[in-house]
Amino acid sequence: MTTEIVERILAGDVRSVGKLLSRIEDRTDAADAAVLARLFPHASGATVLGVTGSPGAGKSTLVDQLARTYAENGDKVGIVAVDPTSPYTGGAILGDRIRMHSLSTHPRVFIRSMATRGRMGGLSAGVDDAIVVLAAAGYRRVIVETVGTGQDEVDIARSAEVTLVVLVPGMGDEIQTLKAGIMEIGDIFVVNKADHEGAQKVIREIEALVADRNTVRGWTPRVIATVATTGRGVEELAGAVGEAHRFFQESEFGRSRRLEADQRRILELLEQRALDDLRQTLDQEELARLAEKVSLGEANPYEAAELLRRRCLGRLRGGGEAGEPGRSAATP
């Protein structure tokens with residue numbers, strides 16, 4: 001089964017890509033790790049572009065235009081639109097066809113909405129895996145658009161090769177407040193809605209903020225003006241992305257950034273698998289009893305969690321319920 005789905009994805013089969021992404025997002029099949037391991041060696045060579053920025057900046061329209069530009073130049077484009085999580089279904093509130101309906105039937109474009117599911121930084125826990133699948137399936141341009149919650153959206157810089165921060169005129173002093181957060185992750189800054197009053201002022205402010213960053217990175221972030229609704233500036237933006245991609249592929253800074261990202265990814269996978277192991281050994285009735293004690297004020301959650309951790313580890317090691325602490329407020 002693993003060999004079959006790997007071969008279908010490497011052949012670019014869209015249905016197989018979609019099915020695997022669904023399983024990855026829902027985490028319904030532990031065997032998917034073996035599939036991803038087989039796909040990973042084939043995932044190099046794609047340009048992974050992250051697009052972030054405040055809500056209302058026109059990110060989706062910009063992604064639509066940029067993807068169309070790539071597709072018209074013959075590239076296959078994979079888009080992952082990271083959306084808020086529905087509190088009822090756990091899925092993405094916004095859908096692919098709502099977000100970018102004009103591209104949904106394009107033969108060289110694949111669009112997928114993924115839910116954040118509480119993940120900090122605006123990214124879904126399955127985004128890194130989705131990038132591997134799309135790149136292995138032959139999508140040479142993979143665009144990840146984050147949910148748009150402002151300064152917390154810094155995780156995208158760890159997953160993307162090139163990060164775009166989209167801003168708009170009329171932000172006023174907000175650019176200064178963003179300086180310590182989202183402004184620091186941008187490789188390219190896009191001033192969208194550049195036909196609105198105040199666009200040139202925003203461009204000058206951004207250029208002043210990023211002027212000295214090349215002393216550390218060897219790369220001075222580009223500032224590109226666009227009007228996404230008409231496509232103005234999108235060709236220039238595509239060129240800047242290509243320039244940044246080449247720089248980060250060839251520079252020492254780019255290599256060190258990839259190393260850091262790989263280390264982070266290994267640790268994330270390790271943490272997830274350790275959590276899965278603990279959950280498999282967790283006694284749900286014991287959890288319910290401890291939760292009731294915490295609710296009644298008869299125990300505290302910190303010692304309860306430590307007690308459960310020790311008992312789960314004891315079971316994993318084959319030692320039963322080893323490591324149980326002495327009598328405390330959390331002990332049943």
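Residues are numbered from 1 along each chain as its sequence is written, and side-chain values use heavy atoms, with hydrogens and water left out. Because the model is predicted, local features need pLDDT of at least 70 and side-chain atom pairs count only at pLDDT 80 or more, while totals for chains, interfaces and linings use all residues.

Starting with the big picture, the protein chain has 14 helices and 7 strands (DSSP runs numbered from the N terminus, with H or I and at least four residues for helices, E and at least two for strands). Of its 332 residues, 47% are buried; here buried means under 20% relative accessible area, exposed means over 50%, and partly exposed is in between, with a 1.4 Å probe and protein chains only. The chain exposes about 16,400 Å², and carbon and sulfur atoms supply 52% of that (areas come from the Shrake-Rupley method with a 1.4 Å probe, and for residues only the protein chains shown count as cover). As for contacts (heavy atoms within 4.5 Å), take those between residues at least 6 apart in sequence: 73% of them join residues at least 24 apart.

Now for how some helices pack. Two packed helices are described by the angle between their axes and the distance between the axes. The axes are lines fitted to C-alpha atoms, for helices over the stretch in contact, and angles run from 0 to 180 degrees between N-to-C directions. Helix α12 (residues 252-281) meets helix α14 (residues 301-316) at about 90°, with axes 9 Å apart. The two are therefore roughly perpendicular (65 to 115 degrees; under 35 is roughly parallel, over 145 roughly antiparallel, and the rest oblique). On the α12 side, D277, L278 and T281 make the contact, and on the α14 side R309, C312, L313, R315 and L316 do. R309 is partly exposed, at 38% relative accessible area, and its C-alpha atom is 9.7 Å from that of R279, a residue 30 positions away along the chain.

A second pair is α4 (residues 59-72) and α11 (residues 234-250), packed at about 75° with axes 10 Å apart. That angle makes α4 roughly perpendicular to α11. The residues in contact are L62, Q65, L66, T69 and Y70 from α4, plus V234, E235, L237, A238 and V241 from α11.

After α13 comes G297, with a positive phi near 80°.

Most residues other than glycine have a negative phi. K193, though, is not a glycine and has a positive phi near 55°. K193 sits in the loop between β6 (188-191) and α9 (199-210) and is partly exposed, at 29%.

E145, in strand β4 (residues 141-145), is buried at 2% relative accessibility. Its side chain makes a polar contact with the side chain of S60, at 2.9 Å (a pair of N or O atoms within 3.5 Å; within protein, one must be able to donate a hydrogen and the other to accept it, and residues adjacent in sequence count only if both atoms are side-chain atoms). R112, in strand β3 (residues 109-115), is buried too, at 15%. R112 and V80 are 32 residues apart in sequence, yet their C-alpha atoms are 4.9 Å apart in space.
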